[in-house]
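Let's take a walk through this structure, one side chain at a time. Keep the viewer open and follow along.

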Amino acid sequence: LRGRNVPDPIPAFERPWLDRPPGSTTDDTALARNLVRSLAARGGLDPADLVERHLAWFRSDPPDVGTLTGRVLRRVDRGEDAATVARDIWQQRGPEVSAGNGSVMYCAPLGLAYAGRPDELHDAAPSLSEITHADGRCRTACLAVTLAVAALVRGDPPEASVRGALAAIEGLEGSEELEHLVGAAGIERPIDGPDRGFVFFTSGVALRAAGEERPFEAGLRDVVALGGDTDTNAAVTGALLGALHGARSLPGTWLERLADRTAIEAEARELAGVGPDPGASLRRR
């Protein structure tokens with residue numbers, strides 16, 4: 001299936017975003033960079049530190065903020081606790097509209113930081129999601145994606161990494177639906193409809209691309225071609241394929257246009273030093 005209004009061929013780093021030049025980054029990247037900096041500074045997940053970094057970004061008047069993330073941070077800015085606010089909003093909104101992809105979109109660095117201690121992700125990944133997205137399906141998706149990232153960074157086979165992540169979430173909220181959508185999202189189930197930001201669409205297409213060992217550029221282009229929430233689907237897919245193939249797989253022409261490339265690369269190197277020799281896998285690629 002191809003998404004509605006998706007150009008063919010897909011332009012990459014060729015068009016402006018809002019009023020910003022090609023290569024500008026979205027809120028997906030901003031939140032991921034906050035997580036990377038926090039993990040590097042604190043040696044692991046520190047929700048309070050991460051919330052402060054998210055809040056500083058929110059106060060900078062960014063051009064785009066996810067709906068649920070914005071609602072949470074707006075109240076945090078008034079002095080409320082992030083996780084409490086997220087649960088309150090989840091209860092108000094109801095399950096039909098609460099499983100957005102705003103936490104899974106930036107959770108992947110957690111998998112790299114915990115690659116040498118993956119058992120800790122069973123607590124850390126849901127805690128990360130709960131900062132803004134309290135829905136159990138969001139917590140499940142973050143755990144699946146970070147476990148897959150951790151396995152890929154360790155050098156485990158791609159299909160086994162994805163299957164292992166899905167096995168590890170068995171019994172958690174939405175686990176059967178996510179497993180189904182890994183195979184069906186964008187194939188049997190169109191993702192370019194009114195629920196395009198559903199967390200299992202984003203995590204499902206990304207996990208499938210990694211499990212199938214898709215090449216980095218081709219895999220990303222195929223996921224974007226499905227439509228839906230293209231920037232977030234690409235963010236999670238890119239993170240998983242990056243964990244699989246390493247930095248050498250990134251197209252040079254894309255990197256040349258990437259805003260803040262030097263700072264992003266420096267932050268990535270800092271993150272690589274968090275775990276017990278987590279750079280070993282990266283050096284092999």
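Start with S161, which counts as buried because its relative accessibility is 4%; buried here means under 20% relative accessible area, exposed means over 50%, and partly exposed is in between (1.4 Å probe, protein chains only). A word on the ground rules: this is a predicted model, where local features need pLDDT of at least 70 and side-chain atom pairs count only at pLDDT 80 or more, while totals for chains, interfaces and linings use all residues. Residues are numbered from 1 along each chain as its sequence is written, and side-chain values use heavy atoms, with hydrogens and water left out.

Back to S161, which sits in helix α8, residues 158-168. Helices here are DSSP runs (H or I, at least four residues), as are strands (E, at least two), and they are numbered from the N terminus. A polar atom of the S161 side chain lies 2.8 Å from the backbone oxygen of P157. That is a polar contact: a pair of N or O atoms within 3.5 Å, where within protein one must be able to donate a hydrogen and the other to accept it, and residues adjacent in sequence count only if both atoms are side-chain atoms. If you skip the neighbours within four places in sequence, S161 touches A148, A151, L152 and D156, with contact meaning heavy atoms within 4.5 Å.

Now hop over to helix α7, which spans residues 136-154 and holds A144. Is A144 buried or exposed? With a relative accessibility of 0%, A144 counts as buried. Outside the four places on either side in sequence, A144 is in contact with A165, I169, L178 and L207. For a sense of scale, take Q92, which is 52 residues from A144 along the chain: the two C-alpha atoms are 26 Å apart.

The cysteines come next. A disulfide is a covalent bond between the sulfur atoms of two cysteines. How many disulfides does a search of the whole structure find? It finds 0, going by a cut-off of 2.5 Å between cysteine sulfur atoms. Look at C107: the closest cysteine sulfur to its own is in C142, and at 4.1 Å that is too far for a bond. C107 is buried at 0% relative accessibility, and C142 is buried with a relative accessible area of 0%.

On to the rings. Rings of Phe, Tyr and Trp (its six-membered ring) pair if their centres lie within 6.5 Å; planes under 30 degrees apart count as stacked, over 60 as edge-to-face and the rest as tilted. By this rule there are 4 aromatic pairs. One of them is F13 with W254, stacked at 5.6 Å centre to centre with 25° between the planes. This pair bridges distant parts of the chain, 241 residues apart: F13 is in the segment before α1 (27-42), and W254 is in helix α13 (residues 252-257). F13 is partly exposed at 27% relative accessibility, whereas W254 is buried at 11%. Then there are F198 and F201, whose ring centres are 5.5 Å apart with planes at 80°, so this pair is edge-to-face. F198 is buried at 12% relative accessible area, and F201 is buried at 1%. Ring pairs also join F13, F216 and W254 into a cluster.

Last stop, the charges. Side chains of opposite charge can pair when their charged atoms come close. The structure has 16 salt bridges, each a side-chain nitrogen of Lys or Arg within 4 Å of a carboxyl oxygen of Asp or Glu. Among them is D260 with R33, where the closest N and O atoms are 3.3 Å apart. D260 lies in the loop between α13 and α14 (261-272) and R33 in helix α1, so the pair ties together parts 227 residues apart in sequence. D260 is partly exposed at 47% relative accessible area, while R33 is buried at 12%. R37 and E267 also meet in a salt bridge, 3.1 Å from N to O. Here too distant parts of the chain are linked, with R37 in helix α1 and E267 in helix α14, 230 residues apart. Salt bridges that share partners join R33, R37, D260 and E267 into one network.
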